[in-house]
Amino acid sequence: APRLGGVGEANDPVCGVGIAGAAASPPVCHDRLWPMSREAVLRASSASDLDCSRSPLSKRLHSARSLDSRARTATALLPVPPALDFGRIAAVIAGDLEEDGPGEDEGAAIGGQEAALAEADPPPPLQALLRAVLRRLALPDEPIRPRRAFLAAFACFGALRALAGRLSEFAASGDAELLELVLAVLAVCACEVVGRREIEAAEVQRPLSCVAALVTVLRRESVSSLVHMLSLAALQRLSLRAHLQNKMIELGAIDWILENLRSVANQQAEAVKEHSSSWPGPLLSSNGAAGLGGTPDFSVEFASALLMNLTLRAAGRRRCGELQAYNVLVCLIEHPNPQVRTHVNGTLYALLGAPSIRAEALRSGAEAAFKAALARAPPGGDLLRRQLEYLLVQLSRNMADGDDDGEDSDSGANKGAEGDVDDGDNFLDEEELAGHFLLAPAPGAGAGGTAVESSAAIEAAAAEEALRRFRVTPAVADVQQRRFHAFIARSCRGLISPKRRISGLEGIGPGGAGGG
């Protein structure tokens with residue numbers, strides 16, 4: 001998973017930095033301690049829980065097999081994209097099919113008879129097309145490599161860029177169903193580097209067309225609505241791109257996040273009073289559907305992850321200082337949701353690298369707060385203990401230690417970088433929201449019942465019918481294949497599949513060797 005900046009010494013058992021030397025180094029938040037994507041946190045937790053039930057030998061064998069499998073996936077060629085006219089799909093999404101028709105190369109290849117056939121087979125409504133695209137991208141039961149190939153083709157031929165470029169138009173249209181589908185497709189595509197790059201390119205071509213629309217939807221919709229959740233998921237995944245981080249900060253994303261987290265902190269304080277005898281305890285629902293005060297766990301997890309990513313930027317830390325973010329975040333360092341806790345503590349670590357924020361935290365009693373939380377850490381909470389210990393070390397830094405990651409410089413590994421913090425993390429296989437959205441039971445149907453199965457079959461048939469209208473001739477398919485493989489070789493050859501971790505760090509931390 002993408003990391004929260006910083007490089008470290010070789011003697012740290014957690015994330016590459018020795019405790020003794022940490023005070024003299026920039027903020028170090030390796031992905032084993034503070035992963036930057038929510039999927040990476042869940043991945044690490046699952047691997048850690050699974051490892052607890054294994055013998056040392058079986059752990060090593062599992063780790064080796066996992067790494068070998070991921071390495072094979074990373075180096076294997078993607079399959080040929082399905083026999084669909086992606087240029088025509090892009091034209092429908094862009095709203096100019098009649099104006100542009102097939103692409104120049106494709107049009108020349110089609111010829112008169114095939115062109116007449118294409119004209120006789122009008123495209124489906126945009127909603128039907130997007131639902132079919134979403135099924136090809138996100139159905140969890142489908143193999144991952146064809147899904148990745150479809151996503152790459154969707155990006156290669158301009159369909160994803162066209163969709164992102166029209167987001168502000170869709171957000172203002174008042175068509176809730178269409179907006180849900182658009183946001184779902186964007187959120188899924190943002191799971192992969194190639195998708196994030198195309199959405200960023202759309203933002204460069206048409207400033208404020210995508211990110212501004214996402215932030216607008218985030219602010220105006222209820223935190224429990226699907227549209228809000230999809231917007232938040234898309235923003236968090238896109239925040240792995242440095243240029244887009246800066247856009248989000250300028251548009252007030254940090255302001256909204258802190259306002260939301262302040263409400264969560266207040267709700268948590270009330271819950272602690274009611275359950276003081278069992279604190280810290282499971283105050284949130286076990287399935288993650290709804291949390292304190294009705295705020296969904298999903299919203300809090302993704303909002304806190306987004307905030308941690310935005311504090312990579314100097315502008316993000318400055319804004320957090322202006323909004324007194326420490327006073328909000330310190331109330332959540334023991335949040336019962338481990339993903340939220342991880343993101344909050346990672347954010348605090350980054351903020352405490354700034355001298356002014358660190359001084360304010362010290363005046364507010366941060367040292368006592370962290371020590372008290374450390375004393376209350378439950379048995380088995382090794383990750384929380386390590387996080388709190390690092391926060392205490394970060395708090396003890398002073399100007400004499402040097403290398404302060406202050407408000408006026410970007411964090412760690414991103415210092416001097418020209419805009420791209422994305423390290424190639426792909427997690428389409430771990431995307432969960434769109435799958436639940438696609439497979440939601442029909443109104444009035446019980447989960448797992450015949451009505452649901454029938455509804456799913458009807459939806460699948462409708463999706464295939466929508467894509468059938470974009471069937472491609474052999475000549476066009478040949479042109480597309482050459483263009484697709486050139487696109488992969490040029491822009492994303494090594495970024496379509498998960499990256500193997502640096503060998504010196506494999507097996508360290510809660511994620512284990514198979515956690516990345």
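Helix axes are taken here as lines fitted to C-alpha atoms over the stretch in contact, and the angles between their N-to-C directions run from 0 to 180 degrees. The structure is a predicted model, in which local features need pLDDT of at least 70 and side-chain atom pairs count only at pLDDT 80 or more, while totals for chains, interfaces and linings use all residues. Residues are numbered from 1 along each chain as its sequence is written, and side-chain values use heavy atoms, with hydrogens and water left out.

The protein contains 26 helices and zero strands, where helices (H or I, at least four residues) and strands (E, at least two) are DSSP runs numbered from the N terminus. Of its 516 residues, 54% are buried; buried denotes under 20% relative accessible area, exposed over 50%, and partly exposed the range in between, with a 1.4 Å probe and protein chains only. The accessible surface amounts to about 20,900 Å², and carbon and sulfur atoms contribute 53% of it; areas were computed by the Shrake-Rupley method with a 1.4 Å probe, and for residues only the protein chains shown count as cover. Among contacts (heavy atoms within 4.5 Å) with a separation of 6 or more, 80% link residues 24 or more positions apart.

Two helix pairs illustrate the packing. The axes of helix 22 (residues 366-376) and helix 23 (residues 382-395) come within 10 Å and cross at roughly 160°. Helix 22 is therefore roughly antiparallel to helix 23, given that angles over 145 degrees count as roughly antiparallel, under 35 as roughly parallel, 65 to 115 as roughly perpendicular and the rest as oblique. The crossing of these two helices is left-handed, a term applied if the near helix is turned anticlockwise from the far one by less than a right angle, whereas clockwise gives right-handed. From helix 22, Ala-366, Glu-367, Phe-370, Lys-371, Ala-373 and Leu-374 meet residues of helix 23 that include Arg-385, Leu-388, Glu-389 and Leu-395. This contact comprises eight nonpolar, no polar and four charged residues; Ala, Val, Leu, Ile, Met, Phe, Trp, Tyr, Cys and Pro count as nonpolar, Asp, Glu, Lys and Arg as charged, and the others, Gly among them, as polar.

For helix 11 (residues 176-189) and helix 14 (residues 226-238), the axes come within 9 Å and cross at roughly 25°, which means that helix 11 is roughly parallel to helix 14. Their crossing is left-handed. Residues of helix 11 in this contact include Leu-179, Glu-180 and Leu-183, and those of helix 14 include Leu-226, Ser-231 and Arg-237. By class, the contact holds 10 nonpolar, one polar and two charged residues.

Ser-299 is located in helix 17 (residues 297-310). Residues up to four places away in sequence aside, Ser-299 touches Val-223, His-228, Leu-232, Trp-256 and Asn-260. Leu-232 lies 67 residues away along the chain, with a C-alpha separation from Ser-299 of 7.2 Å. Leu-163 belongs to helix 9 (residues 159-165) and, beyond its neighbours within four places in sequence, contacts Ile-93, Leu-130, Phe-170, Val-182, Val-185 and Leu-186.
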